[in-house]
Structures are given as structure tokens and as C-alpha cells.
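Here is a friendly briefing on pockets and the residues that line them. Have the sequence and the model at hand as you read.

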Amino acid sequence: MPITWLYVPGDRPERFGKACASGADVVILDLEDAVDAVNKDRARDAVTEYLTDRRTGPRLHVRVNDVATDRGCADLAALADLRGLDAVRLPKIESPGDLAAVDAAFGARDLGAYALLESALGVANLHAVAAHPRVSGIALGEQDLATALSLSSEAAFDHLRLQAVLAAAAAGLGPVAMSVHPHVRDDEGLRASCLHGRGLGMLGRSAIHPRQIPVIRAAFRPSSQEVERAGEIVRTAERSERDGRGAWVLPDGSFVDLPIVARARTTLALAERLAD
């Protein structure tokens with residue numbers, strides 16, 4: 001599962017290679033908000049040229065324009081046969097019906113689609129959107145939601161984040177990544193926000209600058225104490241499994257069963273993956 005997702009403007013092709021060398025798990029070539037209206041066509045041309053061939057490196061996604069518009073549908077049509085494309089990101093999704101444009105463009109091609117929920121109606125239809133067979137993942141557009149719903153409190157955002165986490169889990173999707181942290185030089189604020197998101201069941205985060213990538217990776221890396229505890233649980237479980245027991249008590253008196261062991265193994269795998 002990706003941990004870091006880096007946006008790069010689609011009309012800045014000189015940055016594409018640098019973004020791919022940033023260490024991000026996914027690079028998102030953006031045709032939407034990061035591109036001025038007058039540069040939209042030029043951005044689409046640059047992105048399609050870059051994605052013509054398959055290349056090594058991070059996964060490559062494209063955020064298209066709103067698929068309810070002619071421009072968004074034209075973006076999808078331009079991307080339909082590109083070998084270098086791994087998935088599309090769809091802004092302003094409000095219902096499962098919005099995914100029809102993707103089906104029309106890509107047909108039977110097995111290409112992932114990430115639905116971005118950025119309105120009250122989109123949030124209201126979270127579960128239905130997440131359950132759509134074309135959807136590979138969901139995410140919240142928090143800046144748009146803040147404007148649309150006049151939100152300013154962290155508690156309000158947490159309510160929306162938990163809804164997204166629940167909808168993704170219920171649909172069998174991967175964990176929900178956090179929205180971008182707009183303050184590029186606020187490393188401590190970014191770190192604190194990521195740790196807060198971890199507590200809500202979120203995993204990973206979108207970034208708007210390469211300098212944010214190591215901060216995000218470090219924040220989602222399990223701590224040494226978490227790794228030590230997970231290792232103790234797994235070792236005890238492996239010993240107990242040989243004895244045919246499905247539940248047991250650790251030396252400190254903590255009760256442990258199979259779901260806790262599964263979570264411990266996930267912690268160890270994540271720590272190994274994010275080890276620097």
C-alpha cells in the first residue's frame with residue numbers, strides 16, 4: 001500500500017523526472033487544480049507524452065478534471081491507451097453514476113480509479129462510491145470540503161475522516177490516505193497531523209512538495225516501542241500456536257488473541273518497509 005503520494009503540475013514536465021526521483025510511492029500528474037485554465041491543453045499534451053511508454057520507478061497516476069465536464073471526459077479519452085498510466089484520480093465524485101465516464105473511456109481495461117470526495121453529496125454517498133467495482137480507493141478533498149461546509153474545527157474533519165475509513169474498510173479497499181498539508185515548510189505541523197491521522201486508521205498522505213515525503217514516511221513508521229511490542233506479541237503467538245492455543249496472556253498480563261497478532265504482524269511489516 002502506498003504511503004506517499006506526490007502531486008506535480010501537469011504543465012511542468014521538467015518536474016516529472018524530479019518527482020519520480022523524490023522517493024514517493026506514487027507520483028500524481030495533475031491536470032486539475034494545479035494547472036491554470038489557459039494551460040490545461042498544454043498540460044494534457046505533456047502528461048500524455050510522458051506516459052506513452054512504461055518506465056521503472058514509482059506508480060504514476062493522473063488527476064483528471066471533473067468528469068462531469070467535457071474537459072474531464074477528454075482527459076480520460078486521451079489517457080485510455082497509455083501504457084505508462086497506473087490509475088486515474090477523479091475529483092468531485094458525488095455518486096456511483098459519475099464513474100460511468102471512466103467505464104466509457106477505459107472499457108475492459110483493468111485500470112484503477114481513485115474517487116476524491118469533495119462535496120456534501122459526495123460524503124453522503126461515500127459507501128456507495130467506495131463499493132463501485134471500478135474504484136480502487138477513496139480520499140477526501142479537505143480543502144474543498146472546508147469551503148463547501150464552512151468547516152474549521154479538527155473535530156469536524158475527524159468525523160469525515162472516520163466516515164471515509166469506515167466506507168473504505170466496508171468496501172474492502174485499502175486504507176485511506178490523508179489529504180495534503182498545505183504549509184510546505186511546516187514540518188512539525190505535518191508530522192503532528194500525520195500522527196493524528198494514524199490514530200484515526202488512516203495510512204499515508206498526499207504531498208505537494210518533495211521535502212514533505214521523508215516527514216510523512218517518518219510519521220507513519222511505527223515507533224521502536226511499537227515494533228518491540230509487536231515483536232513480543234508475534235513471538236509469543238508463534239510459541240503458543242505450536243501448543244494449539246488460540247489466545248493467551250503476555251507476561252505483563254495483557255490478553256492476546258488472533259486479531260491482535262494480525263495487527264502486530266502488520267506493524268512489523270510496515271516498520272520494515274519504512275526503515276531508512
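Strand S1 is the top contributor to the lining of the second largest pocket, giving 4 residues. This is a predicted model, in which local features need pLDDT of at least 70, side-chain atom pairs count only at pLDDT 80 or more, and totals for chains, interfaces and linings use all residues. Residues are numbered from 1 along each chain as its sequence is written, and side-chain values use heavy atoms, with hydrogens and water left out.

**Second largest pocket**

- The space in this pocket is about 540 Å³.
- Its lining has 28 residues, and Tyr 7, Asp 30, Arg 63, Val 180 and Ile 208 lie nearest the centre.
- At least two lining residues come from each of strand S1 (4-9), helix H1 (16-20), strand S6 (135-140) and helix H7 (142-149).
- By class, the lining holds 14 nonpolar, 5 polar and 9 charged residues.

**Largest pocket**

- Here the space is about 630 Å³.
- There are 18 lining residues, with Arg 198, Arg 263, Thr 266, Thr 267 and Leu 270 closest to the centre.
- Helix H9 (187-199), helix H11 (224-242) and helix H12 (258-273) are the elements that give two or more residues to this lining.
- H12 gives the most, with 6 residues.
- The lining divides into 10 nonpolar, 4 polar and 4 charged residues.

**Terms**

- A pocket is an open set of points on a 1 Å grid over the protein atoms alone, where a 1.4 Å probe fits, with protein on both sides within 12 Å along at least five of seven lines; lining residues have an atom within 4 Å of a point.
- Points are joined across faces, edges and corners, and a volume is the space filled by probe spheres set on them.
- Helices (H or I, at least four residues) and strands (E, at least two) are DSSP runs, numbered from the N terminus.
- Ala, Val, Leu, Ile, Met, Phe, Trp, Tyr, Cys and Pro count as nonpolar, Asp, Glu, Lys and Arg as charged, and the others, Gly among them, as polar.
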